Amino acid sequence: MAAGKTILEAALENHVHLEHACGGNCACTTCHVYIREGMQNLTEMQDDEADRMDTATGITLQSRLGCQCKIRGDVVVEVPLHNVNIVSESDLLPKND
Ligand code: FES
C-alpha cells in the first residue's frame with residue numbers, strides 16, 4: 001500500500017471496494033477495518049475517529065476507520081464480514097464448496 005494515503009484511498013486504488021458511505025468524512029462506520037499487522041505503521045487515532053468508532057459494530061483493539069488513518073509503512077488489513085457488500089464484493093466472502 002502507498003505511504004501517505006489512507007487505507008480507504010489505497011484500497012480503492014487497488015480495486016478493493018471498501019465501503020465509504022459518507023465519502024471519507026468520518027460520519028459513518030462503513031469503512032471499518034481490522035488491522036491484522038502493522039498498527040504501528042498507521043497515524044494515531046484522533047478524537048473524531050475514536051468518537052465515530054464507538055458507534056461501529058464489532059469493534060476490537062485492532063479496529064480503525066479506513067478513511068481516517070494514513071499509512072506510514074506495511075499493514076495487513078481485514079474487512080469485517082459485516083462490512084462486506086454482498087452484491088459488489090461477493091468474492092471476499094468465505095466460499096461454501
Ligand atoms: S467512509 Fe464514513 S467514516 Fe470512513
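Thr30 counts as partly exposed, since 17 C-beta neighbours lie inside 10 Å; in the classification used here, a residue is buried if 20 or more other C-beta atoms lie within 10 Å of its own, exposed if 12 or fewer, and partly exposed in between, with C-beta atoms placed from the backbone. The structure is a predicted model, in which local features need pLDDT of at least 70 and side-chain atom pairs count only at pLDDT 80 or more, whereas totals for chains, interfaces and linings use all residues. Residues are numbered from 1 along each chain as its sequence is written.

Thr30 is placed in the loop between H1 and S1, where helices (H or I, at least four residues) and strands (E, at least two) are DSSP runs numbered from the N terminus. With residues up to four places away in sequence left out, Thr30 touches Glu19, His20, Ala21 and Asn83, a contact being defined by C-beta atoms, placed from the backbone, that lie within 7 Å. Thr30 is also 8.1 Å from Leu65, C-alpha to C-alpha, although 35 residues separate the two in sequence.

The loop between H1 and S1 also holds Ala21, which counts as exposed because it has 11 C-beta neighbours inside 10 Å. When residues up to four places away in sequence are not counted, Ala21 touches Cys28 and Thr30, and its C-alpha atom is separated by 8.0 Å from that of Cys31, 10 residues apart along the chain. Two further residues of this loop have positive phi values without being glycine: His15, with phi near 65°, and Cys26, with phi of about 60°. As for their surroundings, His15 counts as exposed because it has 6 C-beta neighbours inside 10 Å, whereas Cys26, with 16 such neighbours inside 10 Å, counts as partly exposed.

Taken as a whole, the protein chain comprises two helices and three strands, and from the N terminus on its elements follow the order α-β-α-β-β. Of the 97 residues of the protein chain, 24% count as buried. Among the contacts in the chain with a separation of 6 or more, 72% are accounted for by residues 24 or more positions apart.

The three strands form an open sheet in the order S2-S1-S3, with antiparallel pairing; two strands are taken to pair if DSSP finds at least two bridges between them. Strand S2 (63–65) and strand S3 (76–78) stand at the edges and have a single partner strand each, so one side of each is left without a neighbour in the sheet. On average, and with direction ignored, neighbouring strands of this sheet are turned by 45° against each other, where axes are lines fitted to C-alpha atoms, for helices over the stretch in contact, and angles run from 0 to 180 degrees between N-to-C directions. In general, the strands of a sheet pair through backbone hydrogen bonds, in either a parallel or an antiparallel manner.

Strand S1 (residues 32–37) is joined to S2 by three bridges, the two strands running antiparallel, and in this pairing Val33 has Arg64 of S2 as its bridge partner. The pairing of S1 with S3 is likewise antiparallel and extends over three bridges, with Tyr34 standing opposite Glu78 in S3.

Glu37 belongs to strand S1 and is exposed, because 12 other C-beta atoms lie within 10 Å. Residues up to four places away in sequence being excluded, Glu37 touches Val75 and Val76, while its C-alpha atom is separated by 7.9 Å from that of Asp74, 37 residues apart along the chain.

The largest nonpolar core has 15 residues, and those with the most contacts inside it are Ile7, Leu8, Ala11, Leu18, Cys31, Val33 and Val77; such a core is a set of buried Ala, Val, Leu, Ile, Met, Phe, Trp, Tyr and Cys residues joined through C-beta atoms within 7 Å. The elements that give two or more residues to this core are helix H1 (7–13) and S1, and H1 gives the most, with four residues. With residues up to four places away in sequence again left out, Val77 touches Ile7, Val33, Ile35 and Arg36.

Definitions and conventions
Two residues are in contact if their C-beta atoms, placed from the backbone, lie within 7 Å.
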